Structures are given as C-alpha cells and as structure tokens.
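Subject: Handover of a structure, with findings

Dear colleague,

Please find below the structure that I am handing over to you. The findings follow directly after it.

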Amino acid sequence: MMGEIRSLVELAACADDAARQARAIAQFSHTQGLSVGDAYRVQALSVERRLARGERRVGMKMGLTSKAKMVQVGVDQVIWGRLTDGMAVADGSEVSLSGYVHPRVEPEIAYLIGEPLAGSVSAVQALDAVAGVAPAAEIIDSRFENFRFSLADVVADNSSCSGFVVGGWSDPSTPVDNLGIVLEADGRAVEIGSSAAILGDPARSLVAAARMAEQAGERLEPGWVVLAGAATAAMPLRAGVSVRVIVERLGTVAFTVTP
Ligand code: OOG
Ligand code: MG
C-alpha cells in the first residue's frame with residue numbers, strides 16, 4: 001500500500017519542520033511522484049514559511065555545479081536554493097551541531113549582487129552586475145535520512161542549504177575563474193581544488209542563477225549573495241572541529257563547531 005499522496009503545501013511544511021527540528025525524514029520520492037517543477041514549488045512554499053516567521057531573503061545558492069559534488073550525491077544536474085538571513089553564520093563564529101541532522105561543509109565562491117540581474121545573460125553582463133567577490137563556506141544538511149535523495153527531493157529541501165559563511169568582499173574585477181581552494185579541518189587540508197571546477201568558471205554559475213531566477217519569476221536583487229556552488233566534495237562536520245576555507249587571492253573564511 002502506498003501512503004496517501006501529500007499536497008505540495010504539506011510537503012513544504014514537512015521539509016520546513018524537519019529543518020527547524022533538525023530531524024531526518026523519509027525521501028518524498030519514496031512515497032509519491034514529484035516533478036522537478038513541483039519540487040521548486042515545495043521549496044518556495046517552505047521558504048515562505050521562514051519569511052512568515054520573520055526571516056529575510058538575502059540571496060540564492062547554486063548547487064551541483066562541480067563534478068566532485070555531482071559524484072558525491074549521485075545527482076548530476078545544476079540546482080538552486082533560497083538563502084535567508086536566518087541561515088547566515090558570521091565569519092569566525094561558533095556553530096552548534098544541535099541545529100542540524102548530519103551537516104557537511106563545502107568551499108564556495110560568493111558574488112555580491114550590485115544591480116538587478118535576471119534572464120538570459122552573457123557572463124560579461126552577469127559580471128557587470130556584481131559588486132564584490134568573496135571566499136565562502138556553505139553548511140549543507142539534507143533533511144533526508146542518510147543524506148540520500150533524488151533530484152526532486154533535494155530541490156524540495158531547499159537544495160540542502162542550512163547555513164552559509166561569507167568572508168571579506170574583494171573588488172568585483174578580481175578574476176575568480178581559476179583560484180586555488182583549500183578546505184581545512186583543524187589546520188589540515190581535507191579537500192583541495194580550484195574555482196575552475198565550478199562549471200569551468202564560477203561566472204557560468206552566476207549566468208545559470210540569473211536564468212533560473214527568472215524561470216521562478218524572481219531576479220537577483222542588489223545586496224543579495226549568490227553562492228556559485230562547491231568546488232570540491234563536502235566534509236562532514238564533527239563536534240569541536242575548526243573549519244577554514246582558503247581561496248587564493250580572496251582570503252579565508254572560518255568557523256568552529258562547539259565541542
Ligand atoms: C546538494 C547541494 C549541493 C553544492 O554546492 O554543490 C551544493 C547537496 O550536496 O546536498 O550546495
Ligand atoms: Mg553548496
């Protein structure tokens with residue numbers, strides 16, 4: 001017997017509650033069919049619940065923009081999610097594992113949007129709208145059991161976004177197409193890569209963000225942060241670890257997990 005088919009509103013509440021209570025849930029795709037389009041509706045509805053609680057929309061995250069990430073999670077399509085101020089973690093601060101199910105951290109490049117951007121744009125047009133670039137770390141935390149999901153599942157779950165840390169902004173003219181990136185735990189390199197792993201150039205991820213925002217009836221707004229997607233596989237977080245992301249030329253971003 002299949003369970004009852006839940007509405008998109010019910011799935012959104014389920015994903016949002018799981019995130020709030022740091023509780024793992026069964027994959028939606030195990031009990032019902034969900035198109036990718038419907039999954040983006042579920043994501044929008046679940047983020048609306050956050051906004052109704054007083055959180056503010058502050059940007060967009062791109063996901064699965066590198067081969068390493070696609071291989072790690074077994075989904076091979078670029079996805080995106082919505083960032084709110086409630087997900088922001090200050091550079092240098094401490095986070096507690098209690099707010100997460102099974103968090104991982106991954107190194108990213110962040111763009112600061114200076115001018116509205118949406119639709120089909122060239123990389124040059126996209127970069128013209130950028131006001132700054134920074135090293136970043138994303139804390140991802142799938143709400144699905146065992147960190148396993150289908151494409152539609154992960155999209156409905158806000159593309160696993162749980163937290164993000166952004167370092168100091170550099171001039172937007174700083175080339176970021178091929179910068180060395182290191183993800184450290186307690187001062188030891190765990191993942192090493194290059195920003196070129198992000199679709200060949202993170203600017204392509206920004207172009208995709210503009211296109212996908214428009215498909216959702218949105219645009220990238222001045223002041224928003226766009227995370228281009230991880231350049232390497234993600235690392236599981238454990239109690240007490242000090243995490244640092246080093247991006248050549250852009251600098252570092254760091255946080256620690258409560259012991
Ligand atoms: C999905 C989110 C992927 C990235 O940077 O590639 C992502 C996941 O890995 O759970 O954020
Ligand atoms: Mg990411």
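A search of the whole structure, which is a predicted model, finds 2 cavities of 30 Å³ or more.

The largest cavity has a volume of about 110 Å³. Its lining is made up of 17 residues, and Lys61, Leu64, Lys69, Ile140 and Ser159 are those nearest the centre. Two or more lining residues come from each of β1 (57-63), α3 (67-73) and β4. Of these elements, β1 gives the most, with 3 residues. Sorted by class, the lining of the largest cavity holds 9 nonpolar, 4 polar and 4 charged residues.

The second largest cavity has a volume of about 90 Å³. Among the residues that line this cavity are Ala15, Asp16, Ala19, Arg143, Ala156 and Cys161. Ser46, Val47 and Arg50 also belong to its lining, and these three are buried residues of α2. Helices α1 and α2 each supply at least two residues of this lining. By class, the lining of the second largest cavity has 5 nonpolar, 2 polar and 4 charged residues.

Helix α2 itself covers residues 36-52, which makes 17 residues. Against which elements do the buried residues of α2 pack? They pack against α1 (8-21), β2 (79-84), α5 (151-156) and α6 (202-215). Just after α2, Gly54 takes a positive phi of about 110 degrees.

The magnesium ion (ligand 2) has three glutamates as its protein donors: Glu106, Glu108 and Glu138, each through OE and lying 2.0 Å from the ion. Along the chain, these donors follow the spacing E-x1-E-x29-E. Glu108 lies in strand β4 (residues 104-113) and Glu138 in strand β5 (residues 130-140), so this pair ties together parts that are 30 residues apart in sequence.

With kind regards

Definitions and conventions. Residues are numbered from 1 along each chain as its sequence is written. Chains are lettered from A and ligands numbered from 1 in the order in which they are written. This is a predicted model: local features need pLDDT of at least 70, side-chain atom pairs count only at pLDDT 80 or more; totals for chains, interfaces and linings use all residues. Side-chain values use heavy atoms; hydrogens and water are left out. Helices (H or I, at least four residues) and strands (E, at least two) are DSSP runs, numbered from the N terminus. The expected span of a helix is 1.5 Å times one less than its number of residues. Buried means under 20% relative accessible area, exposed over 50%, partly exposed in between (1.4 Å probe, protein chains only). Contact means heavy atoms within 4.5 Å. Donors are N, O and S atoms within 2.8 Å of the metal (3.2 Å for Na, K and Ca); water is not among the atoms, so sites may look incomplete. On a 1 Å grid over the protein atoms alone, a cavity is a set of points where a 1.4 Å probe fits but cannot get out, and a pocket is an open set with protein on both sides within 12 Å along at least five of seven lines; lining residues have an atom within 4 Å of a point. Grid points are joined across faces, edges and corners, and a volume is the space filled by probe spheres set on the points. Ala, Val, Leu, Ile, Met, Phe, Trp, Tyr, Cys and Pro count as nonpolar, Asp, Glu, Lys and Arg as charged, and the others, Gly among them, as polar.
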